[in-house]
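I opened my notebook to look around a new protein model. Here is what I looked up, entry by entry.

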Amino acid sequence: MDERRWRRHGRGQAQTSLLPLRTPTRPPRTTLSNTVSCCYCDYKISALNTPLYHFGRKQAKSLKIWFSIGVGFSLTALLGVTLILVWELGNILHLFHGSSDLSSSLLFGFSPQVYGSRLSVADAGYLLLSTLISVSVHEFGHSIAAASEGIPTEYIAIFLAVLFPGALVALNYELLEELQPFTALRVYCAGVWHNAVCCAVCALVLFLLPLILSPFYIHGESPMVLDVPSTSPLSGYLSPGDAIVSLDGKRIHNDREWMETTALIDEQTLQSSNLSKSFEGLAIVHQMKGYCVPTSVIEESNEMLFIENQSACPDDLTEFVAVQCFNSSKSDNVNIEDGISQRQRRHCLNAKDVVKLNKCGDGWVTEITKGSSCLCSQEEYCLNPVPLPGSIWVEITFASPYSPECLQPGRNSFPASGASDFSEHKCGGTFVFVGDLISMAHSVRLTAYQPRWGFSFSAHLPNILEKSLMYTFHVSLTLALLNSLPVYFLDGESILEVALCHFTSLSPRKRAKVMRACLLGGTLLSTLSFMRIFFINFW
C-alpha cells in the first residue's frame, strides 16, 4: 500500500538519490510519464503540487506545531509495536503464556470482519475505497509536512501493484538531507500521525452517526432487513423493509443484538442437548422451550406412537412432546402422567397455532417463568417441540412498517403487545424457524436505521456510510501500525534512523549496527507474525 519516497536520513553519508536534485524556490514544473507494466501501473499527478506547497508555507507555523504532536505519537507507536514484537518473540520461544493471536492482531490492526477470507464483491469495493482514502491521507500528510518545511512535492502518484492499490509522493531528497533531525521527524512521522487522526475522525463520526441522521432515520428501535437472498432460509418469510422485533421473546434493537442473541440461543441449546438425551420420550424443563397447550387441543390432536424416535407427523404439522415440569414454588413436582397415559405418546400440532399460546419452560431467552418452570393452568400441559438433530427451534417476530396496510392512517407500525396485534393490524407476525441458527443469522443483511418516510434506496445510505467509515478506520489503523514497525522500506525505518541520531553517546558505527539489528529483527518477527495471522484466518 505504501512505497518509499526517500533515502534514509543520515549526516555525512554519500548516497545517490533516485529523485532529480534541485533546490527550487517554488514547486517544479516537470513533464511526467506514467508507468504501465504487467504487475505495476501508476498515474502521476503534478496539478496539486502548487496548492499543497502554498498551503504548507502559508500555515507553516501551525502545521509545525501539529506535526510536532505527530512526532510524539509516532515515537510512542514505534515503542508500542516494538514491545509487541518482543512479546511475539517470547511467545515463539514459549517464554510467555499470553494470547499470540491477540498480539498479532494488535500488531497489524487486523480485523477478521474487514480482512476476512469471505469478502463479498461489495466488501471488496469498500476495502478498495477505504484503502485509497487511507493511503491518500497518509501521503498528503507527508506532502503537507514537507511543504511546511519549504520542501516542494515532485509529484503525487496513484498506483496499483499486482492487486494492491496505493499512493506515493515524491519529494526533493537533497532538501530533505539538509533538515535537522527533529524537523525531518516531522516529515517522516506525518503519515502515521494522519492515519491515526483519520481513525479518530472515523470513530467519532460512527459514534455521532445516529444523531447526525436522526432527522431522516430512526435508530436502534428494531433492525431493518435490507436484503434477503434467495438462498437464505428466511427467504419467503422476511422481505426488504421488514423490521425484526424479537427473537424468542427477547426484544431486538439492532443488528449487533441480533447476532449476539442468536449466538446465545445456540450456546444454550448445545449445553442442554446432553441433558435432554438422558430421558426417554419425556423431556425435562431445563433449557427447554414449551407451550401451554389446552387439554382440548391435545385430545383433538392426532396422537401417534413413535418408534425409535422417528417422526411420522404430516408435513403441515409439528411434533411436540409432553414436558415434565419442576415448580420451585410447590412442594411436589407437576406430574403430567395424570393426563397422559403413555409417556412415549407425542402430538402433532399446527405450529402456527401453538406459537400464539403462553410459554413455559426456562429455555427462552427472556425470563418468562419468573422462578417457575410451569406457568400452565390445570387445564393445560406444557408441550415442547421436538427438534431435528442439529436444528434449533426459535420464534421470530417481525413488523412490516412500510406495507400498504401499516401505512394507512391510524395504523401502528410497531405494535408492542405481541403476535395477536400483528395479526389484527396485518403489520407483521410471528413465525418459527427450525434449523442452523448461526447460518440463518448471517443469511440476512440488516441495518439499525429505518427511514422515517418510506422504504427506498435511501434505506441503504446509513449502511453504506457505516461500512465505509468502519473499513476506513481499520485500513487506516493498519497503515499507521505497519508504518510504525521497525522494518525495511516503511516509515518505521526512517523514523528509527532519525530517532537514533539523538543518541549522541553512540558513535555513527554503533548507531548503524543498532539500526541494522533493529530492522533485521523487526522485519523477521513481523513476517512471522503476519504469516501466523494468514494461516489462522485464511488457510
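This is a predicted model: local features need pLDDT of at least 70, side-chain atom pairs count only at pLDDT 80 or more; totals for chains, interfaces and linings use all residues.

**Entry: the nonpolar patch.** I found a nonpolar surface patch of about 920 Å². Its members include Leu89, Ile92, Leu524, Phe534 and Phe535. Helix 2 (60-92) and helix 16 are the elements that give two or more residues to this patch. Which helix gives the most to the nonpolar patch? I looked, and helix 16 does, with 6 residues.

Entry: I picked Phe535, which lies in helix 16. Phe535 counts as partly exposed because its relative accessibility is 40%, and partly exposed covers the range between under 20% (buried) and over 50% (exposed). Then I turned to Arg516, also a residue of helix 16, which spans residues 508-538. Arg516 has 49% relative accessibility, so Arg516 counts as partly exposed too.

**Entry: the charged patch.** I saw that Arg516 gathers with Arg509, Lys510 and Lys513 in a patch of positive charge on the surface.

**Entry: the covered parts.** Next I checked helix 15 (residues 491-500), where 10 of the 10 residues are buried. Among them are Asp491, Glu493, Ile495 and Leu500. Strand 13 (residues 380-385) is mostly covered as well, with 5 of its 6 residues buried.

**Entry: a strand pair.** Last, I followed strand 13 to strand 8 (residues 290-294): the two run antiparallel and are joined by 4 bridges. Val293 has Tyr381 of strand 13 as its bridge partner.

Definitions and conventions
Residues are numbered from 1 along each chain as its sequence is written. Side-chain values use heavy atoms; hydrogens and water are left out. Patches are made of residues with over 30% relative accessible area and no salt bridge: like charges are joined within 9 Å, nonpolar side chains (Val, Leu, Ile, Met, Phe, Trp, Tyr) within 5 Å. Accessible areas come from the Shrake-Rupley method with a 1.4 Å probe; for residues, only the protein chains shown count as cover. A salt bridge is a side-chain nitrogen of Lys or Arg within 4 Å of a carboxyl oxygen of Asp or Glu. Lys and Arg count as positive and Asp and Glu as negative; His and the chain ends are not counted. The place of a charge is taken as NZ of Lys, CZ of Arg, CG of Asp or CD of Glu. Buried means under 20% relative accessible area, exposed over 50%, partly exposed in between (1.4 Å probe, protein chains only). Two strands pair if DSSP finds at least two bridges between them.
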